[in-house]
Amino acid sequence: MKIERYQIEEHNSKLAQSHQRKFEFLTQDIQGTEDIVQKLMKFQIAIPSWALGTGGTRFGRFSGGGEPRSLEEKMGDIGLLHQLNQSSGAISLHIPWDIPQNIQDIKALAAQYGLRFDAMNSNTFQDQPGQEQSYKFGSMQHVDKAVRKQAVDHNIEVIKQGVALGSDSLTVWLADGSSFPGQLNFRRAFENTLESLQEIYAALPEDWKVFVEYKAFEPNFYSTTVGDWGQSLLYANKLGPKAYTLVDLGHHLPNANIEQIVSLLLMEGKLGGFHFNDSKYGDDDLTAGSVKPYQLFLIFNELVAGMDAKGMDHASGLGWMIDASHNVKDPLEDLLQSVEAIMMAYAQALLVDKQGLEEARLQNDVVRCQEILQNAFRTDVRPLVAEARLRANAALNPVGLFRELQVREKLIGERGYKTVATGL
Ligand code: RM4
Ligand code: MN
Ligand code: MN
């Protein structure tokens with residue numbers, strides 16, 4: 001299914017008046033809205049190829065129907081998202097869940113949908129049919145060199161596929177760790193992992209980056225070999241200038257101060273990429289901004305401040321990706337909501353009176369500091385985000401248009417009810 005240009009225009013013309021009123025009201029109050037709208041229009045968030053179907057837990061999975069059956073159909077879904085918001089112009093592939101069969105055809109399809117290939121993701125946390133060695137006791141940390149080699153070779157293969165597609169980064173997330181005290185020699189596990197990562201690093205093309213993603217727990221519940229940002233940074237520093245830390249918002253122990261982590265990683269020039277999602281307890285992979293929107297804003301506040309301090313381009317300086325799983329919502333509606341929440345947090349961060357904040361800090365005026373931050377956070381920036389979409393020929397209300405056009409019903413008509421997308 002494809003959304004026609006006139007359908008977006010018709011939808012927008014119905015909402016135009018009310019949007020205009022809200023937008024003008026906001027511009028009277030706020031300085032620099034034009035600059036913010038321009039920045040929002042440039043900002044793109046990659047959609048993970050593994051999150052276009054219904055997710056599940058170990059207790060069950062309740063499919064909603066019309067899920068994409070192939071990489072081509074997944075790209076079709078992202079193409080729809082991008083038509084609706086013009087902010088999802090990239091796809092992040094997980095190998096081997098999504099192996100491109102014919103690279104030229106896939107590239108042509110991506111061009112047709114206006115998509116770019118963001119970071120490639122390797123998978124050494126599951127055994128694949130016919131695989132020689134098992135990852136049951138880890139991959140890069142494994143006591144057996146043959147297992148480590150298999151994991152390294154897989155990552156090198158993923159890089160090759162990424163090169164052919166025009167990607168320029170590899171994300172490595174390892175499930176390696178241990179489930180019981182005593183199971184693992186922590187130092188040896190670290191050294192084995194480092195050595196494996198070094199072999200992968202050596203295979204990186206000149207202009208590529210590798211992102212080392214950390215996670216506190218799950219599937220291992222006693223220790224994780226890349227368990228937190230300190231460990232990830234340790235690997236990244238030892239690997240070299242092309243290695244960076246990747247922050248997934250759901251991968252911390254409860255109440256971790258993620259905004260501070262982000263700030264320091266940026267200061268060190270070692271923050272590489274982001275996986276957006278939200279959570280209440282662990283790696284819940286919920287819609288970005290659905291549970292803790294203020295935290296998302298505080299993180300963006302540090303991102304903007306840290307990137308500005310280094311003169312980095314907001315849109316291209318870091319790898320921006322969603323990493324989510326949709327158990328009860330329509331995956332596409334859920335992704336539209338996540339993108340909107342990310343855009344709002346970004347817009348609010350751009351509103352922060354940075355000079356005022358710095359002055360208030362120097363005077364230890366804690367009250368003023370809070371006023372400044374919350375003033376930005378409590379501004380309803382939805383008209384700014386909508387204006388950016390309007391100018392980019394996207395929909396003023398993406399979820400609304402998705403429903404008006406009965407996109408899901410049409411996808412079910414095309415693909416059937418009982419389809420299953422590869423992924424989480
Ligand atoms: C992990 C982690 C990775 C993702 C896998 C599917 O928890 O977030 O980024 O690739 O899930
Ligand atoms: Mn992740
Ligand atoms: Mn995760």
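Mentor: We'll take the metal site, then a sheet, then the aromatic rings. Keep in mind that this is a predicted model.

Trainee: OK, metal. Which protein donors does the manganese ion (ligand 3) have?

Mentor: His-251 through NE2 and Asp-283 through OD. They lie 2.2 to 2.3 Å from the ion.

Trainee: Where do those two residues lie?

Mentor: Both are in loops. His-251 lies between strand S11 (243-248) and helix H8 (258-267). Asp-283 lies between strand S12 (271-276) and helix H9 (293-309). The pair therefore ties together parts 32 residues apart in sequence.

Trainee: Is His-251 buried or exposed?

Mentor: Buried. Its relative accessibility is 3%, and the cut-off for buried is under 20%.

Trainee: How far apart are the manganese ion (ligand 3) and the manganese ion (ligand 2)?

Mentor: They are 3.9 Å apart.

Trainee: New topic. What is the strand order in the open sheet of 3 strands?

Mentor: S1-S4-S5, with parallel pairing. Strands S1 (47-48) and S5 (116-117) stand at the edges. Each has a single partner strand, so one side of each has no neighbour in the sheet.

Trainee: How many bridges join S1 to S4?

Mentor: There are 2, and S4 covers residues 90-92. Look for Pro-48, which stands opposite Ser-92 in S4.

Trainee: On to rings. How many aromatic pairs are there?

Mentor: The count comes to 18. Take Phe-186 and Tyr-222: their ring centres are 6.4 Å apart and their planes are at 25°, so the pair is stacked. Phe-186 is in helix H6 (residues 186-202). Tyr-222 is in the loop between strands S9 (209-213) and S10 (223-224), 36 residues apart from Phe-186.

Trainee: And how accessible are Phe-186 and Tyr-222?

Mentor: Phe-186 is partly exposed at 49%. Tyr-222 is partly exposed too, at 41%.

Trainee: What about Phe-190 and Tyr-235?

Mentor: They are also stacked, 4.2 Å centre to centre with 15° between the planes. Phe-190 is in helix H6 and Tyr-235 in helix H7 (residues 229-239), 45 residues apart. Both residues are buried.

Trainee: Which residues form the aromatic cluster?

Mentor: Phe-43, Phe-274, Phe-276, Phe-300, Trp-320 and Tyr-346 form one cluster.

Trainee: Last one. Which ring does the charged end of Lys-209 sit over?

Mentor: The ring of Tyr-244, 5.2 Å from its centre. Lys-242 lies over the face of Tyr-201, at 5.5 Å from the ring centre.

How values were computed. Residues numbered from 1 in each chain as written. Chains lettered and ligands numbered in written order. Predicted model: local features only at pLDDT ≥ 70, side-chain atom pairs only at ≥ 80, totals over all residues. Heavy atoms only, no water. Donors = N, O, S within 2.8 Å, 3.2 Å for Na, K, Ca; no water. Helix = DSSP H or I, 4+ residues; strand = E, 2+ residues; numbered from the N terminus. Buried < 20%, exposed > 50% of the residue type's maximum accessible area, 1.4 Å probe, protein only. Pairing = 2+ DSSP bridges. Phe/Tyr/Trp six-rings, centres within 6.5 Å; stacked < 30°, edge-to-face > 60°. Lys NZ or Arg CZ within 6 Å of the ring centre and 35° of its normal.
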